[in-house]
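Open the model in your viewer and keep the sequence panel beside it. This tour goes stop by stop: select, look, move on.

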Amino acid sequence: MDVTLEPATHGFKGTAKLVYTNNSPDTLREVFFHLYLNAFQPGSEMDVRSRTIADPDDRVGGRIAALTPEQEGRIQVKELVQDGKPATLEELGTVLKVKLPKPLLPKRSTSFDYEFVGQVPVQIRRSGRDNAEGVAYSMTQWYPKLAEYDQRGWHAYPYVGREFYGVWGDFDVTLHVDSAYTIAATGMLQDPERIGHGYPLGKKALKRPGTAQLTWHFIAKNVHDFAWAADKEFKHTTEQVPNGPLLHFFYKDTPEMEATWKELPAYMVRSFQHMNTHFGTYPWPQYSFVQGGDGGMEYPMLTLITGNRRLGSLVGVSVHESVHSWYYGLLASNEGRFPWMDEGFTEYAGSEVMQELFPAPDDPHASAFTGYRALVNSGKHEAPSTPADHFITNRAYGTTAYSFGELFVHQLGTVVGEKDLKAGLLRYFDVCKFKHPEPIDLERVMEKQSGVELDWYFDEWINTTRTLDYGIRSVLAMNGELRVELERIGEQLMPVDLRVERRDGSSTTYHVPLSLERGAKRAVSEALPFTLCDPWQWTDPTYTLTIPGPLAAIKSVTIDPLGRTAEIDATNNTVEFPLGTEGFAKP
Ligand SMILES: [Zn+2]
């Protein structure tokens with residue numbers, strides 16, 4: 001792409017040459033492009049949805065309807081030529097349908113040449129000009145972007161509010177912008193000695209032309225989007241991750257920003273090191289933390305975050321958005337279809353990083369359970385398999401994508417074992433990176449890693465709103481032994497961990513697998529040893545196990561002693577035995 005931005009009018013125009021390879025077994029007679037900026041017009045699908053949803057997002061609700069023609073967003077493809085032949089274009093809101101003059105056969109490539117013109121909207125959501133902190137341009141979802149065609153066909157989603165899915169490619173982007181602006185972008189800046197603006201020059205001397213505009217040339221390989229930001233007051237620093245990427249930091253050059261942003265690089269180096277070791281190696285040569293946007297949003301090799309925060313919040317959002325590089329950036333599951341696979345996994349890994357940066361005695365994933373339980377108790381819980389834009393409330397989307405997603409990963413550790421979970425996540429990264437994995441891909445990897453059959457876990461937890469509740473029905477002495485009867489009260493399935501604590505301070509953990517697992521977690525996969533019991537035939541509402549007595553030696557019996565499952569009612573999980581108790585039976 002070759003693009004010129006006119007700050008006087010906030011307009012931009014560009015030309016593009018796109019070489020597109022059809023890696024599918026299907027003949028394509030049409031292709032689709034996203035025209036995201038058209039969402040920022042009164043009456044758009046995003047406008048209407050943002051006002052009519054039950055719990056509006058106050059960043060958006062009502063603000064699009066109030067935009068004047070000078071403030072709204074626009075993007076239009078002027079004409080598109082396929083291998084020299086003009087194509088027929090049909091624009092519908094934020095989606096462009098291109099009828100190909102020549103069908104694209106499997107394994108063939110074709111080339112699209114087109115011009116586009118656009119107007120940067122006043123910043124409403126993610127992209128736009130003049131954000132709340134005065135950053136001039138947050139250029140995200142800004143160019144005509146090819147939609148993804150995969151085994152489920154086209155994903156020409158209109159831009160309604162939620163997130164994205166994209167086509168892998170190599171981007172070569174030239175930007176012509178007033179030389180007063182400093183630009184941060186996806187990709188590597190070519191010839192930094194002609195630019196300066198804080199970019200490392202290596203051994204070369206700065207030779208910047210004295211022109212009113214500078215020509216910035218960025219190349220990004222194997223990414224599925226291209227974002228940039230520009231401001232006249234950006235301070236630009238860099239920090240090298242040992243054996244990792246060069247980190248860039250762009251923030252408003254003010255004393256308030258300086259106070260926190262100068263602390264950020266050291267934390268982010270440690271964050272990248274933790275991620276590289278525990279979740280897979282970051283493959284690109286750079287990553288940029290850029291003040292801009294309206295909160296935090298991930299893009300390839302770059303994030304836009306609001307910058308006016310206390311240090312803990314600045315580190316937290318920077319960890320979360322950069323960890324997206326692994327799930328949004330590299331694995332790149334369809335965020336429209338499987339939002340929990342991106343946000344949830346990012347929350348899981350991000351919580352592990354935050355525990356490393358700010359060690360605390362509590363389970364770093366505990367808040368995921370709290371959020372999920374509150375949603376269930378609100379009655380607004382929806383199946384996690386619901387497509388992102390189609391959740392009835394923003395709350396259900398948010399809690400399901402972020403909290404349920406994190407809980408789903410963390411809880412899987414109680415099924416397959418903690419060590420196999422960690423090894424499985426690395427294996428998932430290695431097997432599925434650059435492949436847009438779906439739930440089935442994760443299931444297959446985790447089954448191979450653990451030897452446990454996981455159909456029930458993926459089918460029931462993702463596709464239903466059933467909830468988990470096991471309880472203790474009775475603990476009775478019999479011939480010097482104790483019979484513990486467990487019951488499944490909720491409809492959701494899980495294996496059960498049961499801890500028996502004795503008066504002498506010792507304890508034993510029992511693991512009751514489900515018959516559906518065709519196996520169980522391996523003892524070596526857990527830090528705490530456990531005694532493996534016979535499987536719970538899953539159709540049985542109750543299960544009985546026998547443990548050594550006498551009752552007088554037992555202090556308590558507890559289901560899920562580490563609080564690692566989404567038990568919706570924990571009040572029936574523990575039975576205590578004061579001295580002299582004769583046993584326990586549920587009334
Ligand atoms: Zn996120």
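**Stop 1**

Select the four strands that form an open sheet in the order 9-10-18-15, with antiparallel pairing. Strands are DSSP runs of E of at least two residues, helices are runs of H or I of at least four, and both are numbered from the N terminus. Two strands pair if DSSP finds at least two bridges between them. Strand 9 (128-129) and strand 15 (182-185) are at the edges; each has a single partner strand, so one side of each lacks a neighbour in the sheet. Now pick strand 18 (residues 228-231): four bridges join it to strand 15 in the antiparallel sense. Find Thr-182; its bridge partner in strand 18 is Asp-231.

A word on the model: it is predicted, local features need pLDDT of at least 70, side-chain atom pairs count only at pLDDT 80 or more, and totals for chains, interfaces and linings use all residues. Residues are numbered from 1 along each chain as its sequence is written, and side-chain values use heavy atoms, leaving out hydrogens and water.

**Stop 2**

Next, show the open sheet of eight strands, ordered 5-4-8-2-1-14-17-16 with mixed pairing. Its edges are strand 5 (85-86) and strand 16 (188-189). Zoom to strand 1 (residues 2-6) and strand 14 (residues 169-178), which pair in the parallel sense over three bridges. Here Thr-4 stands opposite His-176.

**Stop 1**

His-320 lies in helix 4 (residues 311-331) and Glu-343 in helix 5 (residues 339-357), so the pair ties together parts 23 residues apart in sequence. Glu-343 is buried, at 1% relative accessible area. Buried means under 20%, exposed over 50%, partly exposed in between (1.4 Å probe, protein chains only). His-320 is buried too, at 10%.

**Stop 2: a ring pair**

Select Phe-33 and Phe-112: their ring centres are 6.5 Å apart and their planes at 70°, so the pair is edge-to-face. Rings of Phe, Tyr and Trp (its six-membered ring) pair if their centres lie within 6.5 Å; planes under 30 degrees apart are stacked, over 60 edge-to-face, the rest tilted. Phe-33 is buried at 1%, and Phe-112 at 0%.
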